[in-house]
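Have the structure open and follow along.

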Amino acid sequence: MKTYDFDQEIDRRGSGCAKFEELDAMFGRRDLLPLWIADMDFPVCPEITRALQRRFEHPIYGYSIPPESYWRSITSWLSRRHGFEVGREEITYVPGVVKGIAFAINFFSRPGDRVVIQPPVYHPFKMVIEGNGRVVAPNPLRRTPEGGYEMDLDGLREVISRERPSMMILCNPHNPIGLQWSRETLAEVGRICRAAGVTVVSDEIHGDLMLGGRPHIPFAMAGDDAEAVAVTFGAPSKTFNIPGLVSSWCVVKNEELRRPFFKWLAANEFDAPTFTATIGTEAAYTHGEAWLAAAVAYIEDNIRFTKAFLEERLPSVKMVEPEASFLIWMDFSELDLSHEELVDLVVNRAGLALNDGEMFGPEGHGFMRVNIATPRRCLRGALERLEAVVGELVTR
């Protein structure tokens, strides 16, 4: 059994790291502990690094084409990890999941069309819809009595009937909450959307980071209706901490959707990967399973550590325990702070850079998204900073 050192603290300053370089622009300060943007602070799987180094030893970086082994590495991964059987003709490359979603919006909808999203949800969904001249049709998630979330399927039917959208963007697993939707829920989304002629773009970038042994359920596997309307995007980027390689994929099972969309992508060369993307992806999907198992185990320990810390030392702050990925949806609503007061507490007093909950929609008021894919000592330090400032607030 290989061992990996996820406690290693790596200085990312000066490497073009967005998590540090964008602190001024996002938070107005550079002296913050960043637990916001969703990449890990862990060194990548060594086999990925070695594969890239071998290629860089060749003195020419010319035009390249993806080898068949690249495509096999992706389809084999999807099959053995998720039981998702994908033919070679059903998959193509895209240069990032958000870019892929933008491509789908531009191809499958027209300016002025409504597009359904389910806030609180990954904020680029709204940005890419509105930035391309479409209109957001919100179908907010519903809080459960236990403090969790569920999909409002009756609300989805009503929104689709009223707004007549051409598309829906599904987050599966859901970011920022970390929910893996059940097969039954996904199947019902498929039935509702197929009946209404709605194409469903499913963002499954967190699908490999399932926690507690849970399975990931690709939307397109939830039934014939789901398969008929599904345009699925995924990537090794979150899974293996390689978003800088810009490698993502798109799967469309329905030939009527796939053939014209893939033809359009090819005509615009949106489906042409760089050699760094293909080499990094193939190495990850071929040699990365041991690293991933170790990374997920460390993330699960960090989640348990965070939960115990909050319960024992910060009981006025709650968390929604995630079923997938390394992001925690942290609930500060018991503090009864305004949006500005909560941001001031976290940023200016605790010295932390977290994702503001309202970034994900007004339903995120009183929440922060926290990235816990970081060495335990850094995580402990961040929680202790929160403990100190929240303690002062509660005492006052």
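## A strand covered on both sides

Keep in mind that this is a predicted model. Let's start with strand E2, residues 91-94. Is its residue Ile 91 buried or exposed? Ile 91 is buried, and so is Tyr 93 on that side of the strand.

As for pairing, E2 runs antiparallel to strand E10 (residues 248-251), and four bridges join the two. If you want one of the partners to look at, Ile 91 has Val 251 as its bridge partner in E10.

## H5 against H11

Next up are helix H5 (residues 97-108) and helix H11 (residues 255-267), whose axes come within 11 Å and cross at roughly 115°. That angle is why H5 and H11 count as roughly perpendicular to each other. The crossing of H5 past H11 is right-handed.

Who's touching whom? On the H5 side, the contact is made by Phe 103, Ala 104, Asn 106, Phe 107 and Phe 108. H11 brings Leu 257, Pro 260, Phe 261, Trp 264 and Leu 265. Sorted by class, the contact of H5 with H11 has nine nonpolar residues, one polar and no charged ones.

## H7 against H8

Helix H7 (residues 153-163) and helix H8 (residues 183-196) pack at an angle of about 15°, and their axes are 11 Å apart. H7 and H8 are therefore roughly parallel to each other. Here again, H7 passes H8 in a right-handed crossing.

H7 makes this contact through Leu 153, Leu 156, Arg 157 and Ile 160. From H8 come Thr 185, Glu 188, Val 189, Ile 192, Cys 193 and Ala 196.

## A four-stranded open sheet

Last stop: an open sheet of four strands in the order E11-E12-E15-E14, paired antiparallel. Its edge strands are E11 (318-320) and E14 (355-356), each pairing on one side only.

Two bridges join E14 to strand E15 (residues 367-371), and this pair runs antiparallel. Across it, Asp 356 stands opposite Met 368 of E15. And which helix lies across E14 and E15? Helix H14 (residues 339-349) does, running at about 30° to E15.

Conventions: Residues numbered from 1 in each chain as written. Predicted model: local features only at pLDDT ≥ 70, side-chain atom pairs only at ≥ 80, totals over all residues. Heavy atoms only, no water. Buried < 20%, exposed > 50% of the residue type's maximum accessible area, 1.4 Å probe, protein only. Pairing = 2+ DSSP bridges. Axes fitted to C-alpha atoms, helices over the stretch in contact; angles between N-to-C directions. Parallel < 35°, antiparallel > 145°, perpendicular 65-115°, else oblique. Left-handed = near helix turned anticlockwise from the far one by under 90°. Contact = heavy atoms within 4.5 Å. Nonpolar A, V, L, I, M, F, W, Y, C, P; charged D, E, K, R; others polar.
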